[in-house]
Amino acid sequence: MNLLLSIHTFSQCVAFRRDAYLCSFGTDVGFEDSIIGYEALLRRNTLEEGWYYFHIWHKSQLIGQLEFRSFSRSVDTGYVQLIYLISEYRGLGLGTELQEFIRTQLRDAGCSKAKLSVSRANKTALRHYKRSGWTYLFPNPKGKNMDFYQLDL
């Protein structure tokens, strides 16, 4: 199931992405440039196989968002673009549940590994990924102070 985009949900996608950017880099300077074309990309990708977009709800409150795909430049490897929870829901173990959900979806799609890129400044995310079994691969040449990590599914 992919998320249905409306003006309301797209604005929420942008708000979640902005907060994730702030968590990753400690500033939102440069954020506007990073989302140029984001709405068109979301709308196009939700129609294509292999792309996964989910909003995360707790009761009637929208608390997060997942963005990932079942392909990348590496063979049999999915790519996680965003695992996001609003601040009140971080540190409660939900990140582990979300990663298990992603693992299941990617395995069902034929992937044996997943890859993501994370900012070196996002210490909380790095601790979580390392505890969850993600291993360092190499620096991300496109991302300032970012590295690629990989997880065996």
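## Buried and exposed

A residue counts as buried here when its relative accessible area is under 20%. By that cut-off, 44% of the 153 residues of the protein chain are buried. Keep in mind that you're looking at a predicted model.

## Overall shape

How does the chain's radius of gyration fit with a compact globule? For 153 residues, a compact globule would come out near 15 Å, and the protein chain has 15 Å, so the two agree. If you'd rather picture a box, the C-alpha atoms fill one of roughly 35 × 35 × 30 Å along the principal axes.

The chain also brings together residues that sit well apart in sequence. Take the contacts between residues at least 6 apart: 53% of them join residues at least 24 apart.

## The order of the pieces

Starting at the N terminus, the order is α-α-α-β-β-β-α-β-α-β-β.

Let's start with β2, which covers residues 61-69. How many of its nine residues are buried? The count is eight, so to speak a mostly covered strand.

Strand β2 has a partner in β1 (residues 51-58), and the two pair in the antiparallel sense over eight bridges. Within this pairing, His55 stands opposite Gln65 in β2. The hairpin of β1 and β2 has two residues between the strands, and Lys59 in this hairpin takes a positive phi near 55°.

Strand β2 is also joined to β3 (residues 77-85), this time by six bridges, and again the two run antiparallel. Here you can find Phe68 opposite Val80 in β3.

## Strands β5 and β6

Further along, β5 (residues 135-139) and β6 (residues 146-152) form another antiparallel pair, with four bridges between them. Two tyrosines face each other across this pair: Tyr136 stands opposite Tyr149 in β6.

Which residue takes a positive phi in the hairpin of β5 and β6? That's Asn145, with a phi near 55°, in a hairpin that has six residues between the strands.

## Charges

Finally, a look at the charged side chains. The protein chain has 19 positive ones and 15 negative ones. The centres of these two sets lie 6 Å apart.

Methods
Residues are numbered from 1 along each chain as its sequence is written. This is a predicted model: local features need pLDDT of at least 70, side-chain atom pairs count only at pLDDT 80 or more; totals for chains, interfaces and linings use all residues. Side-chain values use heavy atoms; hydrogens and water are left out. The radius of gyration is taken over C-alpha atoms; the globule rule is 2.2 Å times the number of residues to the power 0.38. Buried means under 20% relative accessible area, exposed over 50%, partly exposed in between (1.4 Å probe, protein chains only). Contact means heavy atoms within 4.5 Å. Lys and Arg count as positive and Asp and Glu as negative; His and the chain ends are not counted. The place of a charge is taken as NZ of Lys, CZ of Arg, CG of Asp or CD of Glu. Two strands pair if DSSP finds at least two bridges between them.
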